[in-house]
Amino acid sequence: MEEQYISKLHPVVDYGAGVFLLIIAILTILGNSAVLATAVRRSSLLKSPELLTVNLAVADIGMAISMYPLAIASAWNHAWLGGDASCIYYALMGFLFGVCSMMTLCAMAVIRFLITNSSKSNSNKITKTTVCILITFIWLYSLLWAILPLIGWGYYGPEPFGISCTIAWSKFHNSSNGFSFILSMFLLCTVLPALTIVACYLGIAWKVHKAYQEIQNIDRIPNAAKLEKKLTLMAVLISVGFLSSWTPYAATSFWSIFNSSNSLQPIVTLLPCLFAKSSTAYNPFIYYIFSKTFRREIKQLQCCCGWQVHFFGADNSAENPVSMMWSGRDNVRLSAADKVENQGASTH
């Protein structure tokens, strides 16, 4: 076996990394499967933009199923299993699902911004067909970037610690071909999507803040406005969780471009990699914290094998983890005058 595929870590660290990935894999598959099951149960009620939330769950599960078992086995074997072929496969899957998740988060931010800042008639123009086309584009875009190293632009290779594979960052040190790939990928798959996400949520936060001030002027804060604020916070946490998980990994990867791969201790390159992989498990926990209905759905799914408890009827709450991302879209456009009118109507 080639030396680059042998673990550079202490055996105890290898076992620990394998256990950590096993836990992340279980949490990712169970959590996101629950999100998908919830979406299937109310498929007829799904709004078109909610399909992006489903797509994000699919990408997270895809990464856990296609990558984590091989990484766990390699960690416990203290050496990468399968050689070059499995290394390329693993790196390709990681790149594919990573770019897909990033672009899905970017699309979710843009659509939520458009819905929040447009009239109801215009927001209804975002049809399921439109979102399906967008999702197809996201997967094709991600696949394009994933196969580029296979056709000569960029490289795949083992991580410095020896039991995982990704883009071969260290090979780009003296390669104009490789450096141009990294620069283009960094701009088009990381920087621009991240800036778009930040800009969209800042715009939404400002809109919600202004509407919240108008409502406070009449000393009445309706549940609708509180829900809109809650939705925005949840969407921001999902994006922040993903970006913060991958930032340390991106930093160490770029360090290896301009410096020798031996300049960092193997454990220093391992930890950001594990932290990045943990990003697939976060979202269901965010849904669980913010959505009472999701918690009820989880309890209901637990009862499906033997008996079922009906916590609510056919009228599903807007707090559903999928619909929460998009409901309440017209609340920020309610003016103080509308609130006064509603107050008057409620007194009769």
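**Exercise 1. Find which residues Ser142 is in contact with, leaving aside its neighbours within four places in sequence, and state whether Ser142 is buried or exposed.**

Leaving aside the neighbours within four places in sequence, Ser142 is in contact with Leu96, Val99 and Cys100, where contact means heavy atoms within 4.5 Å. The model is predicted, so local features need pLDDT of at least 70 and side-chain atom pairs count only at pLDDT 80 or more, while totals for chains, interfaces and linings use all residues. Residues are numbered from 1 along each chain as its sequence is written, and side-chain values use heavy atoms, with hydrogens and water left out.

Finally, Ser142 counts as buried because its relative accessibility is 0%; buried means under 20% relative accessible area, exposed over 50%, and partly exposed in between, with a 1.4 Å probe and protein chains only.

**Exercise 2. Describe the place of Ser48 and the residues that Ser48 touches.**

Ser48 lies in the loop between helix H1 (11–41) and helix H2 (50–77). With residues up to four places away in sequence not counted, Ser48 touches Ile126, Thr127, Lys128 and Val131. Its relative accessibility is 10%, and therefore Ser48 counts as buried.

**Exercise 3. Compare the span that H2 should have with the distance between its end C-alpha atoms, and find where H2 bends.**

The expected span of a helix is 1.5 Å times one less than its number of residues. Because 22 of the 28 residues of H2 are buried, H2 is largely enclosed by the rest of the structure. Just after H2, His78 takes a positive phi of about 65 degrees.

**Exercise 4. Locate Thr252 and work out how far its C-alpha atom is from that of Val268.**

Thr252 belongs to helix H7, residues 223–258. Thr252 and Val268 are 16 residues apart along the chain, and their C-alpha atoms are separated by 8.3 Å. Not counting residues up to four places away in sequence, Thr252 touches Leu264, Val268 and Pro272. At 17% relative accessibility, Thr252 counts as buried.

Technical notes
Helix = DSSP H or I, 4+ residues; strand = E, 2+ residues; numbered from the N terminus. Bend = angle between axes of the 7 residues up to and from the residue.
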